[in-house]
Amino acid sequence: MKETIWINLDPERIDLSTLERRFAGKYRLIARAIPGNAPELVLEQAKQADVVISILEKWDEEALKKVRGKVRMLQKYGMGLDNIDCAAAARCGIPVANVIGANSAAVAEVALMHILNISRHFTSAVSSVKSGRWQFTTGSELDGKTVGLLGLGHIARHLVRMLSGFRMEVLAYDPFVTQAPEGVTLVDSREELFRRSHIVSLHIPCTAETQGSIDRTCFALMPPGAALVNTCRGGVVNEEDLVQALRSGHLSAAGLDVLAQEPPRPDNPLVRMDNVFITPHLGAETFEAGRRSQEIMADNIEMFLERGELSSLVQNRAAFCVEKGA
């Protein structure tokens, strides 16, 4: 009997042709999105699968224990493992793999887009013309500015490459990195990074240690009129403190591809602020990144199902993602 693989996505909305091609005739692929990731429906569907390709549904110890003995592997669609308790999965004997690097350039492009937009107010200008007003706001050039990267993993390094065409100083702080790429100056602390940067771009994982860690203390260190860009995970930012920093004028703008709650509640003040620009977590959503991700996932799943193993490289990469960010 063919092994079953369930992916928590709607095939009408996401192109899964790469996985379908790779698994055709070998495995049974079920593509079904669970509305709202309802836990009971997630578990019901997961119990019918040998491998779960996880999107954003929560896999804590309680959920993992309920599928132990049935689900043989969890494969994350993407890099971030904040929805999976990897330690609990290990205790339940369920290996976890993620995808490193496939969507890094795509996410870096969105970070660059937000950096350019908060400097030149591009989206506001477009909206103005569409609403019948020929109106613009004077912006600031990137040349001569300092960008600080909190975290220097795959995405941040792609962003460094993209920023190389500007006459900017690029700083980075990452406690796990001792050698920076050309054009990047490593600083000794997170505090120094915030103190010296006109724009800070976040590239860290959301863990127990980083949850809500970007807060009023960090914002107070930044120069007046500085800006924040976040394309990693919304949970790393204390959103109440960010709102206050923006309302006070100490921060001039924020460009966010992620929020602590997605979609946001209607009463989230960030959604209504004129100096906040939010995109709907689209950083990784390119056709190219999707194909690359699905090829890597297929490799991981085939290796496990056919040989009963995951290479040490895959396991080490998963640990790297948790500890170092991406």
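## The largest cavity

Asn-230, Gly-234, Val-237, Glu-239, Leu-242, Leu-256, Val-258, Leu-259 and Leu-270 line the largest cavity of this structure, which is a predicted model. Sorted by class, that lining is made up of six nonpolar residues, two polar residues and one charged residue.

The volume of the largest cavity is about 40 Å³, and the structure holds one cavity of 30 Å³ or more.

## Helices α5 and α7

Helix α5, which covers residues 104-120, and helix α7, which covers residues 154-163, have axes that come within 8 Å and cross at roughly 55°. Because of that angle, α5 counts as oblique to α7, and the crossing of the two helices is right-handed.

On the α5 side, the contact is formed by Ser-104, Ala-105, Val-107, Ala-108, Glu-109, Ala-111, Leu-112 and Ile-115, which meet His-154, Ile-155, His-158, Leu-159, Arg-161, Met-162 and Leu-163 of α7. Taken by class, the residues of this contact between α5 and α7 comprise ten nonpolar, three polar and two charged.

## Backbone details in two loops

Two places in the backbone deserve a separate note. The peptide bond that runs from Glu-262 to Pro-263 is cis, with omega near -10°, and Pro-263 itself lies in the loop between strand β11 (251-256) and helix α11 (269-272).

Asn-37, a residue other than glycine, has a positive phi, near 50°; its place is in the loop between β2 (28-31) and α2 (39-46).

Notes:
Residues are numbered from 1 along each chain as its sequence is written. This is a predicted model: local features need pLDDT of at least 70, side-chain atom pairs count only at pLDDT 80 or more; totals for chains, interfaces and linings use all residues. Side-chain values use heavy atoms; hydrogens and water are left out. On a 1 Å grid over the protein atoms alone, a cavity is a set of points where a 1.4 Å probe fits but cannot get out, and a pocket is an open set with protein on both sides within 12 Å along at least five of seven lines; lining residues have an atom within 4 Å of a point. Grid points are joined across faces, edges and corners, and a volume is the space filled by probe spheres set on the points. Ala, Val, Leu, Ile, Met, Phe, Trp, Tyr, Cys and Pro count as nonpolar, Asp, Glu, Lys and Arg as charged, and the others, Gly among them, as polar. Axes are lines fitted to C-alpha atoms, for helices over the stretch in contact, and angles run from 0 to 180 degrees between N-to-C directions. Helices (H or I, at least four residues) and strands (E, at least two) are DSSP runs, numbered from the N terminus. Angles under 35 degrees count as roughly parallel, over 145 as roughly antiparallel, 65 to 115 as roughly perpendicular and the rest as oblique. A crossing is left-handed if the near helix is turned anticlockwise from the far one by less than a right angle, and right-handed if clockwise. Contact means heavy atoms within 4.5 Å.
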